[in-house]
Amino acid sequence: MTDTRLIERWLPIAALSEESVRERRSMTALPPINYLHVWWARRPLVASRAAVMASLLPASADRATFMQILGIHGDPVASRQKIDIAKRSGIRFEGQAYTYDRAFSYNPTQKDRRWLLEQIGEEQICVLDATAGGGSIPFEAQRLGFQVFANDLNPVAATILAATISYPPKFGADLSDDFDKVSNVFVSKREEVLRKYYPIEPEADCVPTNYLWARTIKCPYCSGLVPLSPNWRLGPGGVGIRLVPQCEAVGSKDARVCKFEIVYAEDEQSGGTISGGDASCPFSDCGRIIDGDLVKQQAAAGEMSEQLFAIAFKRKVSARSKSGKLKILFERGYRTPEDSDDQNDRIASVLKERMPDWELMDTVPTEEIDEVSNYDRGHRMYGINTWREFFNNRQLLGHCFSTEIYREMVEADRAAGRLNDLRRASYIYLAFSLDKLRDYNSRQTRWITQREATANTFDSHNFAMRWTYTEMAIMIDGVGFDWAVKQTAKCIRELIELDSGSGENAGTLFEDKQHIKAAESVITCKAGDSLSHVKSASVDAVVMDPPYGANVMYAELSDFFYVWLKRTAGLVAPELFTRRLTDKQSEAVANKANFKGQKGADTLANRDYQDKMSSIFAECRRVLKINGIMTVMFTHKDSSAWDALTKGLIEAGFVITASWPINTEAEGSLHIKNKAAANSTVFLVCRPRPEQQNGDVTYWEDVEPLVAKAVRTRVEEFQKAGIGGVDLYLASFGPALEEFSRHWPLKRGTPRPETAAKKRRKQAELFEEEFDPYAVTPEDALDAARREVKTWRLNQLTHTKGRADLDASSSWFVLAWDAFKAPVFAYDEGLRLARAVGADLDSMIGRLCEKKGSDLKLWDSAIRAAKGALGPADGSRGMIDVLHHVAHKAHEQSLEAALQFLKDQRLDGDPAFLNAFEAVLEVLPPSKAFLGFDVASGDAKAASDDFDALEKLRRLAFSEKIDQPKQLDLFAQEAEVAA
């Protein structure tokens, strides 16, 4: 393996992590690729550019020039620290914290591209992404001047790739102009058709923006119509809804329905009427709980309806600026519905009249939701069986009329001979505009009370049931179609600017802006293991962000758009839309729905994912040059996904030569918000494995210490770069798998212990294979990595020397808080952590935590006390029991009572207790009493209360034995810097 690459020796992981998060942090300054069309996984552009460049440049390449071309022209870590310090100190940050624009906005210049080619030593560079998805990697490879092969099995993704990568450089400014022409014609035509279905706001100088609907069921006990909502908040400051149940006699016009009032104090709002799937009747003469199964039965029978409960509007007001200049502002307001607002009966009549023609002309989706489904809880369980049922009558009417107008325009241009390549591209973008409106105008949206705005259909990566939803007033200027079209037009202009190199960041005033143009990108829509259009040994680098096991079912989610796109974009790109629905059998994901009803569906799905990824990687090896690099971006908390991916890599003949963890998710990302989720992506750098020189056997017992050493060597480096929590464990997987793959094939010298062999024996039986107790898998390396990080991290948390080791249950509790930073996390990850510390998870459930579905929830002292689960007071089952006893006594009685309890148990000087005391104070979220602000909310707030009690006790009686928690010292240092 000669020709060592930069990515095999160095990546600026701290700066790259912060810049990646910065790129995604602001909703108003996102790259255009992010809001062109929904896709469920896109890596940051700066991270993608870094991966592409570092996979091609030699290790000797100048790092300062690399950073320059990357677009990181300052110190993003220091800038972020300034912002965080100011925020924690309650100081409004003045001026620009960052000294340069976001890295993705820097366009590589001719000089930059020439330097890259000189360093790489080639005149033309070819980069492949076999699972390109939303297109971040090929987009950045193209901006660097390289030839790109971008492929994805999914037609929605392939259409996005064409609009992201192909059209902007091919048509330039003409594309923007032509889209404006097409969209203007469309907007004028839909005005004529749809305006009459949206009544004007009754108050002068006001415009409606959103109609808020609640699903309804009939109470089986009193026949009252029950509007379903988990709460009735509308916005901040206490504005919300009070239900006014009408209990008139059965048979009258308004019998047993709820009316609504707008209130302005939280205590005046009605309580929620649905929780955990169970409904509660709001009628005073009933008030019964309606079991969730009864709710589902009504929904499945088509008896769930909906009721309009509020209209959100904006009022035009005048105000004067500080300089005295008069300006026009819009303020948010709410009102309850009037009879004219609910046009449902009228619209239903129009739909009944038009639907036969629309179905005959294939204007409206008629497809049922695919039987291959992982999201039945969000649709079939509640009576949604077809894709059109995701829209209410007025939404469906608008979408159907829009599709009809679109089709008429395409056919008119075809008949007039205007349907050239440029016009076809414009229609693709217009189809995206209609998709954007569907994303924000379906029964799957929700009202964001904090922002008083609409959350889109794919605010979460599923079809979770929405008990209330918001409908856009799509015919109002600046809302609906206008907004969607303007967003797309803006996106086109920005894509052209980013690709052209003509932006303000492209080089200097005296530099020639002419680009070294790459060959035209090749975009395909096929399985990633069948890239027959790419010659063998012709690709310089494969850089890919493959599907993450069972994390996202892309095909299943994309059907929401596919059924409409094939009726719009399919008119100008019919080759992409040949199937009834997207291909879920060939998709490289761990899709257990493909094995529904079979024993061990999860295991079968993981094996299927492993086999498909192995085939894709094998095809990548075929097309890769002999000295080529393949860089794979991957993140997943579940080690079974890592195990499957690594097996796929090894089976395809690759060895991992380097790995780098990069934080890639913004703090508010829906992937990680309020979750114990990973927010980093690990770059796995791979090369084709050299031919084995001999048949010598390598034993796992000899390699395991090398794996542990590799993890020890890197883990502190990762932590200093800002990788923490669960991501620190994930980061350790990289070096562990490097060492593992380097020594493959491996076998055990002694058989696997029986307790650890049961699971693998069952798996072998499932695949009709002979169980091999001497077999070694990548998961063995991941377990070793976890154990090493566990030991290293506990040594950090218990920094006072000469203490006893932590017991198993206390270690588990401490490391769970340290890793997940939240009381709720995946059961499987809790189980793996328990194995790493030698704890029995089953014995801790019902004592330290509870199992809720596929998650675990850690208990605080108050919950444990309420459940009678505080455990032995002497710490015989774990010192965490003693600490919770102490915290509870401090809450309920006093600090003195807590201290006396310890003395009575003779634990106040016990080294094991002091060790646990110290560790727990380092991981629980600190309270406001010691910081001046809250760091915990929701389920974590009670744990913060425990910290408060324990830290006060430490200061009262243990300050000489236990140092102040380091986490408080860090906050104090930041406050000093701010001052």
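Modeller: Let us start from contacts, where contact means heavy atoms within 4.5 Å: leaving aside its neighbours within four places in sequence, Gln610 is in contact with Ala644, Lys647, Gly648 and Glu651. Please bear in mind that this is a predicted model, in which local features need pLDDT of at least 70 and side-chain atom pairs count only at pLDDT 80 or more, while totals for chains, interfaces and linings use all residues. Residues are numbered from 1 along each chain as its sequence is written, and side-chain values use heavy atoms, with hydrogens and water left out.

Colleague: Is Gln610 buried or exposed?

Modeller: Buried means under 20% relative accessible area and exposed over 50%, with partly exposed in between (1.4 Å probe, protein chains only). Gln610 counts as buried because its relative accessibility is 7%. Gln610 belongs to helix 16 (residues 601-623), where helices (H or I, at least four residues) and strands (E, at least two) are DSSP runs numbered from the N terminus.

Colleague: How many residues of helix 23 are buried?

Modeller: An α-helix has 3.6 residues a turn, so residues three or four places apart point the same way. Helix 23 (residues 827-837) is mostly covered, with eight of its eleven residues buried, and among them are Tyr827, Arg832, Leu833 and Val837. Just after helix 23, Gly838 adopts a positive phi of about 80 degrees.

Colleague: Which strands pair with strand 1, and in what sense?

Modeller: Strands of a sheet pair through backbone hydrogen bonds, either parallel or antiparallel; here two strands pair if DSSP finds at least two bridges between them. Strand 1 (residues 126-129) pairs in the parallel sense with strand 2 (residues 147-151) over four bridges, and with strand 16 (residues 539-544), again in the parallel sense, over two bridges. Asp129 stands opposite Ala150 in strand 2, and Val127 opposite Ala541 in strand 16.

Colleague: What unit do strand 1, helix 7 and strand 2 make?

Modeller: They make a right-handed β-α-β unit, with helix 7 spanning residues 136-143. A crossover is right-handed if, with the strands pointing away from the viewer, the path from the first strand over the helix to the second runs clockwise.

Colleague: What is the strand order in the open sheet of three strands?

Modeller: The order is 7-8-9, with antiparallel pairing, and the edge strands are strand 7 (274-275) and strand 9 (289-290), each of which pairs on one side only. Two bridges join strand 8 (residues 278-280) to strand 9, with Ala279 standing opposite Ile290.

Colleague: Which residues touch the most other members of the largest nonpolar core?

Modeller: A nonpolar core is a set of buried Ala, Val, Leu, Ile, Met, Phe, Trp, Tyr and Cys residues joined through side-chain atoms within 4.5 Å. In the largest one, of 167 residues, Phe66, Phe617, Met630, Leu649 and Trp812 touch the most other members. Apart from it lies another core of 94 residues, including Tyr211 and Ile492.

Colleague: What is the radius of gyration of the protein?

Modeller: It is 30 Å, which agrees with the value near 30 Å that a compact globule of 979 residues would have; the radius is taken over C-alpha atoms, and the globule rule is 2.2 Å times the number of residues to the power 0.38. Of the 979 residues, 59% count as buried.
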